[in-house]
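The sequence and structure come first.

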Amino acid sequence: MKKIAVLVGGGGTNLQALIDADLSKNIAIVISNKPDAYALERAKEAKIKTAVITDQSELLAILEQNKVDLIVLAGYMRILSGEILRKYEKRIINIHPSLIPSFCGAGFYGLKVHQAALKAGVKVTGATVHYVSEVVDGGEIIAQKVVEVKEGDTPETLQKRVMEEAEWVLLPGVVKSLIKE
Ligand code: GRF
């Protein structure tokens with residue numbers, strides 16, 4: 001059975017989507033760079049092992065100790081370093097809350113992504129799951145899901161719709177197909 005590490009740093013709703021899609025048996029460890037991330041509570045609730053790292057240099061050893069096959073970035077706000085990217089080439093994925101190449105790259109995270117989408121006046125947005133490379137949000141696209149922008153949307157309402165209709169559906173689907181390979 002393929003083993004997954006989920007790297008988190010925030011509320012962990014995408015981690016929850018993986019747990020709810022019956023993937024907790026595959027999640028060997030949830031790793032956070034923030035000790036107070038609510039995602040850690042969700043992992044504990046699902047009886048999944050957790051680790052908090054204070055420095056990125058700790059990451060590789062933890063991944064190797066846990067014999068991780070696939071790394072899922074789900075709200076992890078740090079850029080991964082060269083060695084991890086080389087060792088886990090095509091085995092690290094990230095979820096981004098827009099249709100890449102729109103509203104992505106440095107500075108586009110959280111509500112800022114949805115603010116930019118509303119400012120641009122796009123009629124559709126969505127989420128993207130992509131492989132992680134040295135270019136922020138620039139690795140090969142694996143899957144995307146479109147979400148409608150509605151009249152009167154605020155960054156908050158748009159973020160919520162993108163999560164519910166795209167992120168929480170897309171990520172478990174991609175993870176399931178990748179661990180089958
Ligand atoms: C999500 O919007 C995800 O697309 C982005 O970070 C956010 C994480 O949210 N990469 P959560 O911690 O999964 O709730």
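Predicted model: local features only at pLDDT ≥ 70, side-chain atom pairs only at ≥ 80, totals over all residues.

Leaving aside the neighbours within four places in sequence, Asn 94 is in contact with Leu 73, Thr 128, Val 129, His 130, Val 132 and Asp 137.

Asn 94 also belongs to the group of residues closest to the centre of the largest pocket, together with Gly 75, Tyr 76, Met 77 and Tyr 109.

## The largest pocket

The largest pocket holds about 830 Å³ of space, and 35 residues line it. Among the elements that each supply at least two residues of this lining are helix H1, which covers residues 13–23, strand S5, which covers 92–96, and helix H6, which covers 155–180. By residue class, the lining of the largest pocket comprises 16 nonpolar, 15 polar and 4 charged residues.

## The ligand

Around the ligand are Gly 10, Gly 11, Gly 12, Thr 13, Asn 14, Gly 75, Ile 95, Pro 97, Met 163 and Glu 167.

## Helix H1

Asn 14, one of the residues around the ligand, is also among the buried residues of H1, which are Asn 14, Leu 15, Ala 17, Leu 18, Ile 19, Ala 21 and Leu 23. The cover over these buried residues includes strand S1 (4–8), strand S2 (27–32), helix H2 (38–45) and strand S4 (70–73), as well as S5 and H6.

In an α-helix there are 3.6 residues a turn, so residues three or four places apart point the same way.

## The second largest pocket

About 180 Å³ of space lies in the second largest pocket, whose lining is formed by Gly 82, Leu 85, Arg 86, Glu 89, Lys 90, Tyr 131, Val 132, Ser 133, Glu 134 and Glu 140. Helix H4, residues 82–87, contributes the largest share of this lining, with 3 residues. The lining of the second largest pocket divides into 3 nonpolar, 2 polar and 5 charged residues. Val 132, one of the lining residues of this pocket, is also in contact with Asn 94.

Conventions
Residues numbered from 1 in each chain as written. Heavy atoms only, no water. 1 Å grid on protein atoms, 1.4 Å probe; cavity = no way out; pocket = protein on both sides within 12 Å on 5 of 7 lines; lining within 4 Å. Points joined across faces, edges and corners; volume = space filled by probe spheres on them. Helix = DSSP H or I, 4+ residues; strand = E, 2+ residues; numbered from the N terminus. Nonpolar A, V, L, I, M, F, W, Y, C, P; charged D, E, K, R; others polar. Contact = heavy atoms within 4.5 Å. Near = heavy atom within 4 Å. Buried < 20%, exposed > 50% of the residue type's maximum accessible area, 1.4 Å probe, protein only.
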